[in-house]
Amino acid sequence: MSAGLAVHIEGLSKRYGKGESAVDALKEVNMSVAAGEVVGLIGPSGSGKTTLLKCLGAVIEPTRGRMTLGGDLIYEDGWKISDLRELRRDRIGFIFQAPYLIPFLDVTDNVALLPMLAGRPNAEARSRALELLKALDVAHRAKAQPSELSGGEQQRVSIARALANKPPVILADEPTAPLDSERALAVMLILNQMAKQYQTAIIIVTHDEKIIPTFKRLYHIRDGRTVEEAGEGRALQ
Amino acid sequence: MKIPLTLPRQVWFATFGVALLLALGWVATRSGPLAPIKVTITRAAKGEVGPALFGIGTVEAQRAYLIGPTAAGRVRRVLVDVGDTVKVGQLLAEMDPVDLDRRVASAGAAAERGRSAVKTAEAQARDAKSRQEFATAEARRYMDLGRKGFISQSVVDGKLQEQKSADALLAAAEAGLAGAQRDLARLGADLGGAQQQRDNIRLYAPVDGTVTSRDAEPGSTVIAGQSVLKLEDPNSLWVTSRLDQGRSAGLRVGLPAEITLRSNPRKPLAGKVVRVEPISDSVTEERIAEVAFDRLPQGASTGEMAEVTLHLPAISDALLVPNASLRFRGAQAGVWLHVDGHLRFAPVKTGAEGFDGKVQIVEGLKAGDEVVVYSERDLKDDSRIKVVSSLAGKTK
Amino acid sequence: MISLAGRDILQSWSKFVLTGLGLGLLIGVTFTMAGVYRGMVDDAMVLLNNSGADLWVVQKDTLGPYAEPSSIHDDVYRGILGMSGVAQAANVTYLTMQVRKGSTDIRAMVVGFEPGQPGEPGHLVAGRRITRSHYEAVADVNTGFAVGERIRIRRHDYTVVGLTRRMVSSGGDPMVFIALKDAQEAQFLKDNDAIVNERTRTATNPALNRPGVPGLLDAIEESQTNNHSVNAVLVRVAEGRSQEAVAQEIRRWKHLQAFTREQMENILIAKLIATAARQIGMFLVILTIVSAAIVAFIIYTMTLGKIREIAVLKLIGTRNRTIAGMILQEALGLGLIGFAVGKIAATIWGPYFPRYVLLLPGDAVRGFAIVMVVCTIASTLAIRAALKVDPATAIGG
């Protein structure tokens, strides 16, 4: 049952290559995330977590399985959505290892870009961006160029960008890897706050020991298989 | 795209863009075929024009003399050289007499002999005369005697016959005398001829003058008519000037002239036209005028090039425009009138033109009309123009 | 939607503008080359127009007087003047030679003309027309002479009394106008050494130097140094008469050839300019290819520098055509700057070229279109690279 779930994956498999040299990166993965929930996806490198993220992000095509996103079926042994780009734009937010802001757009436009691409008028897109920037406490840098921001500020702007089109799910790939524990926990706090505020599901791929204890629920992935676990759920300030 | 004014980057870029656009616009309208044609203007004004004629010529002597023998011969001596001044009658050169002296002597001897022949003939005539008189008297006496019957008729006849023969002898002797006298005359003429021929080997100066050329040296053979020396009168130098037929209106004797010799171009000399040749050169289409110097220059040589300017009487109160403003539509001369910023081609009739480039307009313009003088390009009725003060060129 | 291309250009505007400047200079060179060709054609047209002639009568079987040497007698014009349909006929001579001023000399085409007749320059930019029948000259400003200067042509000194503009030969040499007789002498009379040599040869020829005929040698020497030839007769046809008809009439004279204005245009452009035109055409092609390569390289480099951003953009949902549009717009923007700079540069440095450079507005429009097309094609390299980027690469590890 996937109603009410932001993300629901059943039996997702991904095989690279054919015949003898085929590699099964994902084997019958199951995963469910509710709206507003922050879950962690942890595992050693080569375990397939990046592959899973790419499948969730609709950048690679799985081999088999079923995926729903925000209640809509997007994959069942084949894409059910014709325009994946639109899907990514409107329904999935991305946060990368590095902020990856567009250097020739100012902070506001970096965030407003996605709504603009979705067809929103510029003024509306910008006001939405400003709202998010305020929420992330970087509104005072709204007119600055990305190169003028500190690493932490850039990270927060990239989070705002991910939220700009109000997607049901945000995929975060090692967002705290380059940060120290204070900042890492600060980011986790923000993510939790945003998840609750905007009822967005956030799946965080990480192997950062500093933040793993904060998750209430975790998925362990090893050799392409996932195991659901309860997390420590340590409180954040 | 909003361009917030506070960002300097946008301002810089915008400034650059605007500057580029302005430059492009300037380029399009100011230069190239779209730009207006620059012209200069002047007003037609009354003034004086001094028309003049111009020609080039060579300095020549009015009269030049070829001194040479009348018969072929060898030059014996030449007494003068180029540049010498000679007087009339002066001996200049002498031909080799060859056998002329002997011929004169032989003619003289022949004449002498003729004189003797005449004397002989005279004596013979006298002798024949006396015989004839005697024979005549004798014949008369015998006829008388015959009539009286003292002698026979045959004796009378014989004496008559003697008388006749004496007459004949007298006639013959007189004829012989006449012949000898004519012979003497002939020989005398021969002698005269030989003497004159010998005299002709002496070449004398026919006038006062300067020797300009020495054409044969002693020992060279010349034929009749060939020159040994050339002479000319240095006071008879003038400039034989050639003027274009098309630009020689007003040429007449007496016009004052300015002569500029090639050898001394900075000091023009005064002169005047003394003759206009009745025969012009139809091949070069030039008229020929002889211009004499008022004062003969020192050291002028014949054959030297000269430029001659003849001044015609000035015309005052003429409407003048610069000749650079004349344009031609086909054969029709005209000017571009500048009226209210527009151009109009006005056909004109021109009159005299001065050397300074001012040309008189006889018909077609009035004083104060603005005419186009210089233009960058050929003008048409609808050309867009821009009046400037000068186009190009600095005067030195 | 904002303009991604605009923002990118604004971000690195100095680099963009400098590249545009460099490209612009290259485009300016291209415009100038095309302008040189147009200038050569215009030189030929101006040469024909300024002569004021409708027909050119030259030596039979030649393409003179500009393309080939032509020599006819100077009294031929009288016969032509008498033909029906002929309004004016005048002798002209043309000779390209060195004209000395002081210690320098320049190459010029010396034109001998008759005042008031076809062949005289139509308009002046300084000074006055020739008023004396000898030793005055009107020169083109390209000679560098000023009014009042003394110049030397062969044996005589001339005073420059007037200046003209755009009077050049088809080879680009500026013209100097002098009286016809002076020009005939300049063209046909040899230098002193040659004359003395000629005289000596004639004097040693016993057939010509007969002692029994005293004036013979002088008469022969006189005829040797006389010059009664001209290069062409310029004819103006009467109103309403057909040029070709009059030309046909003249051609019937067995020793003459006559060309109408159209035929002269053809001779000058098709024959004289043809080789230069081909050369310039090749240059234009090469320059266009070079410009295209430069634009392609620059845009490609700029795109490669943004590969990561392009991957991110693609991942977060930017359409391929938006990204391709950004690259194309940048290429076109570069082309726009290059075109503007090129056109301005060509206009500014055009007058300093030794040959006349003519830039027509139509050429500018055509040039603009070509620049835009070339930039579009050049951008395809970068667009292909951008489209090949896999958005998955943004998700590292």
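This is a predicted model: local features need pLDDT of at least 70, side-chain atom pairs count only at pLDDT 80 or more; totals for chains, interfaces and linings use all residues.
Let's start with chain A. Its secondary structure comes to 6 helices and 10 strands; here helices (H or I, at least four residues) and strands (E, at least two) are DSSP runs, numbered from the N terminus. The radius of gyration of chain A is 18 Å, close to the 18 Å that the globule rule gives for 237 residues, so chain A is as compact as a globular protein of that length. That radius is taken over C-alpha atoms, and the rule is 2.2 Å times the number of residues to the power 0.38. Along its principal axes, the C-alpha trace of chain A spans about 55 × 40 × 35 Å. Of the 237 residues, 50% count as buried. Buried means that 20 or more other C-beta atoms lie within 10 Å of a residue's own; with 12 or fewer the residue is exposed, and in between it is partly exposed, with C-beta atoms placed from the backbone.

Now the sheet. In chain A, 6 strands form an open, mixed sheet in the order β6-β7-β8-β3-β9-β10, where two strands pair if DSSP finds at least two bridges between them. At the edges stand β6 (92-95) and β10 (225-230) of chain A, each with a single partner strand, so one side of each is left without a neighbour in the sheet. The opening pair belongs to β9 (residues 217-222) and β10 of chain A, which run antiparallel over 6 bridges.

Just after α1(A), A:Ala58 takes a positive phi of about 60°.

How do the chains meet? Two residues are in contact if their C-beta atoms, placed from the backbone, lie within 7 Å. Of the 2 pairs of chains in contact, chains B and C share the most contacts. That contact takes 45 residues from chain B and 41 residues from chain C. On the chain B side, α1(B) gives the most, with 10 residues. No contact joins chain A and chain B, whose closest C-alpha atoms lie 10 Å apart.

Finally, chain C. In its helix α1 (residues 4-11), the buried residues are C:Leu4, C:Asp8 and C:Ile9. Seen down the axis of α1(C), they fall within an arc of 130°, so they line one face of the helix; the arc is that of the directions from the helix axis to the C-beta atoms. Their cover includes α2 (13-50) and α11 (320-349) of chain C. Further along, C:Leu313 sits in helix α10 (residues 307-316) of chain C and is buried, with 24 other C-beta atoms within 10 Å. Not counting residues up to four places away in sequence, C:Leu313 touches C:Thr318 and C:Ile323.

Terms used. Residues are numbered from 1 along each chain as its sequence is written. Chains are lettered from A and ligands numbered from 1 in the order in which they are written.
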